[in-house]
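Subject: Structure handover

Hello,

Here is the structure you asked about, with the sequence alongside. My notes on what was found follow below.

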Amino acid sequence: MYRTRRWIACGLLLACAMGPAFGAGSADEAAAIRQVMAAQQAAWNRADVDAFMQGYKDAPDTTFVGSSVRKGYRAILESYRRHYAGKAQMGRLTFSDIDVRLLPCADGEVRYAAVTGHFHLDRTAHGEAAQDDGVYSLLWEKTAQGWKIILDHSS
């Protein structure tokens, strides 16, 4: 009896220590991020850069790191428009090996997430952006408008 209570107490302590980031809500948060990425992939594949960019936070400190560092939503949008001018250069985007890691704050609330994975572009034209395959790490923020990318490092 004592041993059973001790295991129950240990289980409760462990559950409390893990906080909300490991509860049922975490799966919902990770699914919401994956849903945004699926919408981005669909937007890219129909050559809709503006819709693709809806996954990014529209803020001056949103940052993209690739061959250079671009800071600000507008600068990132213009870079995508310049480097991927039209359907042939955009091609078909596929995200794979998506790993979502929720980052709970000190109060246990999840407001940030780190996402890593691979991307592949199947396309017929390249323009300035010659790379078709690579990896990415994304820092996401949960905003009033939903999950948004605040830092994109793609290489």
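In this predicted model, Arg101 has Ala114 in S4 as its bridge partner. Another such pair is Phe95, whose bridge partner in S4 is Phe119. S3 and S4 run antiparallel and are joined by eleven bridges. The two strands form a hairpin, with five residues between them. Gly108 sits in that turn and has a positive phi of about 90°.

Leu103 is also in strand S3. Leaving aside residues up to four places away in sequence, Leu103 touches Glu109, Val110, Arg111, Tyr112, Ala113, Ala114 and Leu139. Ala113 is ten residues from Leu103 in sequence, and the two C-alpha atoms are 5.1 Å apart in space.

S3 and S4 are part of an open sheet of six strands, in the order S2-S1-S6-S5-S4-S3 and with mixed pairing. The edge strands are S2 (69-71) and S3, each of which pairs on one side only. On average, neighbouring strands of this sheet are turned by 25° against each other, with direction ignored. As for helices, H4 lies across S1 (63-65), S2 and S6. The angle at which H4 runs to S2 is about 125°.

The last item is the largest pocket, which holds about 580 Å³ of space. It is lined by 27 residues, of which Phe64, Tyr80, Tyr84, Phe119 and Ser154 are the closest to its centre. Phe119 is the bridge partner of Phe95 mentioned above. Which elements give two or more residues to the lining? They are helices H2 (24-45) and H4 (73-83), together with strands S3 (92-104), S4 (110-122), S5 (133-143) and S6 (146-154). By residue type, the lining of this pocket divides into 16 nonpolar, eight polar and three charged residues.

If you open the file, the S3 and S4 hairpin and the residues closest to the centre of the largest pocket, including Phe119, are the parts these notes cover in detail.

Regards

Terms used
Residues numbered from 1 in each chain as written. Predicted model: local features only at pLDDT ≥ 70, side-chain atom pairs only at ≥ 80, totals over all residues. Heavy atoms only, no water. 1 Å grid on protein atoms, 1.4 Å probe; cavity = no way out; pocket = protein on both sides within 12 Å on 5 of 7 lines; lining within 4 Å. Points joined across faces, edges and corners; volume = space filled by probe spheres on them. Helix = DSSP H or I, 4+ residues; strand = E, 2+ residues; numbered from the N terminus. Nonpolar A, V, L, I, M, F, W, Y, C, P; charged D, E, K, R; others polar. Pairing = 2+ DSSP bridges. Axes fitted to C-alpha atoms, helices over the stretch in contact; angles between N-to-C directions. Contact = heavy atoms within 4.5 Å.
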